[in-house]
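Subject: Structure handover

Hello,

Here is the structure we spoke about, with the sequence alongside. My notes on what was found in it follow below.

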Amino acid sequence: MERYNKDLLNTLYYKMYKIRRFEENIESFFLNGEIPGFVHLYIGEEAIASGVCASLTDKDYIASTHRGHGHTIAKGADLNKVMAEIFGKKTGFCKGKGGSMHIADFSVGMLGANGVVGGGFNLAVGAALAIKKQKRDNVSVVFFGDGASNRGTFHEALNLASVWKLPVVFVCENNEWASTTPYRTTTSVADISTRAAGYSMASKIADGNDVFDVYESFKEALDYVKAGNGPFFLEAKTYRIKGHYVGDPELYRTKEEVQKVFDENNPIDRFEEKVLIEGLMTEVELEEIRIKVENEIKEAINFALNSEFPDPSELFDDLYV
Ligand SMILES: Cc1ncc(C[n+]2csc(CCOP(=O)(O)OP(=O)(O)O)c2C)c(N)n1
């Protein structure tokens with residue numbers, strides 16, 4: 001654990017806890033009818049976005065999914081603007097006209113959430129092509145689910161990224177579910193990372209609920225890609241704790257199954273346990289981070305609630321054909 005200095009430990013915990021508390025607040029505002037549209041929560045998967053983004057800079061790109069709040073927060077997007085967008089307010093990233101699944105912040109390299117499953121692959125590969133053409137030393141990362149790995153865009157993107165040796169890391173968040181479907185009934189391989197071999201691509205499996213394992217594995221991917229070897233495939237094994245969307249009746253699995261995973265494999269509990277037992281952080285240090293996060297979230301909620309909705313006359317602004 002020597003390489004985990006205080007700054008890094010603080011960052012990993014701060015990001016994970018911020019995502020968790022953000023999502024818990026979004027869930028309760030949504031259930032109260034105060035958020036329009038749909039929201040898909042990232043609770044229980046925080047270690048993946050946090051462990052990956054801890055090694056990225058604003059000049060690196062990420063492409064995200066419909067379950068994108070965690071990626072956006074971990075990449076460092078302005079929390080007030082993220083919150084305002086989800087609430088449909090004009091101070092949000094898309095002036096309140098996009099909502100949860102259309103948040104992007106190019107200033108930190110966040111290329112966008114995506115309502116189209118599998119829509120992020122080609123954005124990330126395109127960004128990686130730009131990096132290569134411009135001879136820059138950055139990387140592009142695409143987060144995607146097990147379900148998305150069955151789409152055609154997945155295979156097309158892996159093939160081209162491999163042929164052109166592009167600096168892109170494919171991060172599969174295998175949370176075992178695609179909407180109501182368990183991945184084992186729809187996916188031809190037990191480990192989605194084995195598909196990388198079909199495209200001559202290096203791959204690795206990480207414990208997606210262990211932020212240290214994600215961090216180390218992604219570092220390995222980053223070193224590999226930055227050395228000019230071409231793309232890398234990282235499969236992070238995790239589990240979708242919440243319904244597919246907020247309001248999902250979840251008739252396809254038992255509450256007991258979900259609760260068991262959460263009790264035994266909650267990434268935030270695992271982090272706290274590890275750093276306390278190994279004496280890397282104190283309870284006081286953890287609490288300081290939690291207080292900071294609560295304040296930031298409270299501020300973001302106030303910002304969103306006090307912002308105006310866009311005026312109907314602005315409906316067609318910012319559109320182009
Ligand atoms: C092209 C396309 N097909 C279907 C849908 C409907 N849909 C939304 S999310 C989802 C499941 C995605 O599963 P996965 O990729 O594993 O991500 P997870 O929701 O588990 O994070 C589906 C089928 C969609 N949005 N876009």
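A crossing of two helices is called left-handed if the near helix is turned anticlockwise from the far one by less than a right angle, and right-handed if the turn is clockwise. The crossing of H5 and H6 is left-handed by that rule. Please keep in mind throughout that this is a predicted model.

H5 and H6

Helix H5 covers residues 120–133 and helix H6 covers residues 152–163; their axes come within 9 Å and cross at roughly 15°. Angles under 35 degrees count as roughly parallel, and H5 and H6 are therefore roughly parallel to each other. On the H5 side, the contact is made by Phe121, Asn122, Val125 and Ala128. H6 contributes Thr153, Phe154, Ala157, Leu160 and Ala161. Sorted by class, this contact of H5 with H6 holds seven nonpolar residues, two polar ones and no charged ones.

H1 and H10

Helix H1 (residues 6–31) meets helix H10 (residues 283–305), with axes that come within 9 Å and cross at roughly 40°. That angle makes H1 oblique to H10. The handedness of the crossing of H1 and H10 is right-handed. From H1, the residues in contact are Asn10, Tyr13, Tyr14, Tyr17, Lys18, Arg21, Phe22 and Asn25. Their partners in H10 are Leu286, Ile289, Arg290, Val293, Glu294, Glu296, Ile297 and Ile301. The contact of H1 with H10 divides into nine nonpolar, two polar and five charged residues.

H1 and H2

H1 also meets helix H2 (residues 46–53): the two axes come within 9 Å and cross at roughly 140°. H1 and H2 are therefore oblique to each other, and their crossing is right-handed. Here H1 uses Leu12, Lys15, Met16, Ile19 and Arg20. In H2, the residues met are Glu46, Ala47, Ala49, Ser50, Gly51 and Cys53. The classes in the contact of H1 with H2 are six nonpolar, two polar and three charged.

The ligand

Which residues are the closest to the ligand? They are Val117, Gly145, Gly147, Ala148 and Ala178, out of 16 residues that surround the ligand. The shell around the ligand is made up of five nonpolar, eight polar and three charged residues.

The whole protein

The protein has 10 helices and seven strands. Its C-alpha atoms fill a box of roughly 55 × 50 × 40 Å, taken along the principal axes. A compact globule of 321 residues would have a radius of gyration near 20 Å, and the 19 Å of the protein agrees with that.

Regards

How values were computed. Residues numbered from 1 in each chain as written. Predicted model: local features only at pLDDT ≥ 70, side-chain atom pairs only at ≥ 80, totals over all residues. Near = placed C-beta within 6 Å. Nonpolar A, V, L, I, M, F, W, Y, C, P; charged D, E, K, R; others polar. Axes fitted to C-alpha atoms, helices over the stretch in contact; angles between N-to-C directions. Helix = DSSP H or I, 4+ residues; strand = E, 2+ residues; numbered from the N terminus. Parallel < 35°, antiparallel > 145°, perpendicular 65-115°, else oblique. Contact = placed C-beta atoms within 7 Å. Rg over C-alpha atoms; globule rule 2.2 N^0.38 Å.
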